[in-house]
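Here are my notebook entries from an afternoon of looking things up.

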Amino acid sequence: MIFILTFSVKRLIIENELEQSDRSAPKPGESARSTAVTEEKDQAAFYQKRKEESSMEKKNIDWGNIGFGYIQTDYRYVSYFKNGAWDNGQITTDANIVLNECAGVLQYAQTIFEGLKAYTTEDGHIVTFRPDLNAERLEQSAQRLEMPVFPRDRFIDAVNQVVAANEAFVPPYGSGATLYIRPYMFGSNPVIGVKPAEEYQFRILTTPVGPYFKGGAKPITIRVSDFDRAAPHGTGHIKAGLNYAMSLHAIVSAHKEGYDENMYLDPATRTKVEETGGANFLFVTKDGKVVTPKSSSILPSITRRSLVYVAKEYLGLEVEEREVLLSEVSDMAECGLCGTAAVISPVGKIVDHGKEICLPSGMTEMGPVTKKLYETLTGIQMGRIEAPEGWIHVIK
Ligand code: PLP
Ligand code: COI
């Protein structure tokens, strides 16, 4: 297996903590409530606790039975942007954020985020999957919402630090759970005229998660939505909180009507398949080709891009990345939703205004091609299958 061993994260955390402990001035934007680890009065006790923690057992969590929810972990990362520059960043223990009532994020939704996971591999390492692509996408999101860019190398460093600090929350190999990593950035200073904020926080929280859809690999039922999640030339291609706010009414009403998710169509013509609220689509044709929608208003999923490579290079499949008409879907053999949270969740049925499209793969199991894609991708992530160079970043 080709591992990219970027550096010793533990050492960096300790260095970071020592460096932080030399600075007594509060960070820009830091509230009185903030309890940066470096402010712990009893340093000796703190280091003793961390020493015990780093060799300690995992937290007492029923890993096999957790869903996709928030479980608060011990540490998070924060860096503040003020006067045109990011500070050095640090690991903190306080899960709460105190903001001015007029903060840009609260008034004009100036917030973007990312999602990636830490996995425990078969041989006991803790790794992340292609974090460089999350760093790159966060940069694109920041540029679209007029926010400052958080440097890519610092993004990867921060992910490493926060995962290493929360090692006890990284689910064990084979448990079916992973540590979800949520980097996010928001405008924090008061803004009342419509304009970008001048101060920002870049943060990373982590939470152990199980499957995104209840039932894990069991096929789900989705409906074609009458609502849009994006606009032509809008922000559908970036990971902005506003896109998800757009989708909340649609998901609540889909759930009320018994559907697991929405299939969104292209907002301009409503004839082409776009994506769901949190994942891209993959289809398999009856002659075994993998087809995935291409659109300028969907999120460029890292999982989908990886699966396209896996399909071609590992499984020798033909892949088409192109516009997919809704009218073609009834001819498909398999359908799946792909994303960090969704991994690959098989779709068994799509309901288009009362018309049922039942995928031949059925409602009990993943289709055979989807299953091969799933097994190869998760095999790479969990260290059972050799990864392409640069895909796996070892943290520990
Ligand atoms: N599409 C949307 C709207 C998403 O929120 C996500 C999740 O990040 C994806 C697709 C999948 O992207 P990725 O594979 O990079 O997680
Ligand atoms: C992810 O897959 O990381 C996402 O951000 C999707 C979200 C709907 C949970």
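**Entry 1: the two ligands**

I sorted the shell around ligand 2 by class and got one nonpolar residue, four polar and no charged. For the classes, Ala, Val, Leu, Ile, Met, Phe, Trp, Tyr, Cys and Pro count as nonpolar, Asp, Glu, Lys and Arg as charged, and the others, Gly among them, as polar. I note that this is a predicted model, where local features need pLDDT of at least 70 and side-chain atom pairs count only at pLDDT 80 or more, while totals for chains, interfaces and linings use all residues. Residues are numbered from 1 along each chain as its sequence is written, and chains are lettered from A and ligands numbered from 1 in the order in which they are written.

Which residues are around ligand 2? I found Gly-115, Gly-278, Gly-339, Thr-340 and Ala-341 (C-beta atom, placed from the backbone, within 6 Å).

Around ligand 1 I listed Gly-115, Glu-275, Gly-278, Ala-279, Asn-280, Leu-299, Ser-301, Ile-302, Thr-303, Arg-304, Gly-339 and Thr-340. This shell splits into three nonpolar, seven polar and two charged residues. Its largest share, three residues, comes from α7. Helices here are DSSP runs of H or I with at least four residues, strands are runs of E with at least two, and both are numbered from the N terminus.

**Entry 2: α7 with α8**

Next I followed α7 (residues 302-314) to α8 (residues 368-381): their axes come within 10 Å and cross at roughly 105 degrees. That makes α7 roughly perpendicular to α8 (65 to 115 degrees). I see Ser-306, Leu-307, Val-310, Ala-311 and Tyr-314 of α7 meeting Leu-373, Thr-376 and Leu-377 of α8 (C-beta atoms, placed from the backbone, within 7 Å).

**Entry 3: α4 with α5**

I then checked α4 (residues 131-144) against α5 (residues 152-165), whose axes come within 9 Å and cross at roughly 125 degrees. On the α4 side the contact has Pro-131, Asp-132, Ala-135, Glu-136, Leu-138 and Glu-139, and on the α5 side Arg-152, Phe-155, Ile-156 and Val-159. I sorted these into six nonpolar, no polar and four charged.

**Entry 4: a hairpin**

Last, I looked at β15 (residues 343-352) and β16 (residues 355-358), which run antiparallel and are joined by four bridges (pairing takes at least two DSSP bridges). Val-351 stands opposite Glu-356 in β16. The hairpin has two residues between its strands, and I noted His-353 with a positive phi near 50 degrees.

Conventions
Axes are lines fitted to C-alpha atoms, for helices over the stretch in contact, and angles run from 0 to 180 degrees between N-to-C directions. Two residues are in contact if their C-beta atoms, placed from the backbone, lie within 7 Å. Angles under 35 degrees count as roughly parallel, over 145 as roughly antiparallel, 65 to 115 as roughly perpendicular and the rest as oblique.
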